[in-house]
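Here are some notes for a colleague who is opening this entry for the first time. They take up a disulfide and then a helix.

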Amino acid sequence: VKGRGGRSLWLWGLWRPIAGVMNLRSLALLGLVLAAAPLAAKPAPRRAGPPQIIPLPLKQVIAAHQRLCTARTATGLGYQVLRAGSGARPVGDAAVTVNYIGYLTATGEVFDQATASEFPLNGVIPGFSEGLALMPAGSIYRLCIPARLAYADRSVGPIPANSDLVFQVELLPPVPPVSTRKP
């Protein structure tokens, strides 16, 4: 609770015991000293520097422990089941719909991501196709794709040549055609 001049009224409670011991002149002098002394130093206002600009494109980096896979196929594709699904596995040239994040194994730098991306199973890099064929619909896997199952010695967009890649992929359940949906 603040009194006049911004001073706390709790000080009034200190005056009563002192008043019985001190004379009026000493009390007045003590009051002047307390009134003149600042109770709390206020921090100096911060001077605004130049605004911090976030560079574009925003470079997201995935932590090293999220660039590792615990299992391997005969071809060398690494994978880890992050969430098991219970739907059907895609085969052949089936159309699949996925949410994914793609990043470089070496640095963790994200190079691509999308939600509800649809494409044919065999229409992507070999390691991605092989990984999707392992996944039941509704699952989320981490795929660790060696360069030879990705783009090999070719640079593609932000992906340098001979780069091992990691994808976190969610295989979405297929949506039945409109004519076969139940109301």
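1. What is the torsion about the S-S bond of Cys69 and Cys144, and is the disulfide right-handed or left-handed? The torsion is about 85 degrees, so this disulfide is right-handed. Cys69 lies in the loop between helix 2 (24-36) and strand 1 (71-72) and Cys144 lies in strand 5, so the pair ties together parts that are 75 residues apart in sequence.

2. On the basis of the values, this is a predicted model, in which local features need pLDDT of at least 70 and side-chain atom pairs count only at pLDDT 80 or more, while totals for chains, interfaces and linings use all residues. Residues are numbered from 1 along each chain as its sequence is written, and side-chain values use heavy atoms, with hydrogens and water left out.

3. Counting as a disulfide a pair of cysteine sulfur atoms within 2.5 Å, the model has 1 disulfide, with an S to S distance of 2.0 Å between Cys69 and Cys144. Both cysteines are buried (under 20% relative accessible area, with exposed over 50% and partly exposed in between; 1.4 Å probe, protein chains only), Cys69 at 18% and Cys144 at 9%.

4. Helices (H or I, at least four residues) and strands (E, at least two) are DSSP runs numbered from the N terminus, and helix 3 spans residues 126-134 and holds Ser129. The buried residues of this helix are Gly127, Phe128, Ser129, Gly131 and Leu132, and what covers them includes strand 3 (95-104), strand 4 (110-120), strand 5 (140-145) and strand 6 (165-171).

5. Ser129 itself has a relative accessible area of 13%, and, leaving aside residues up to four places away in sequence, Ser129 touches Leu121, Asn122 and Val124, where contact means heavy atoms within 4.5 Å.
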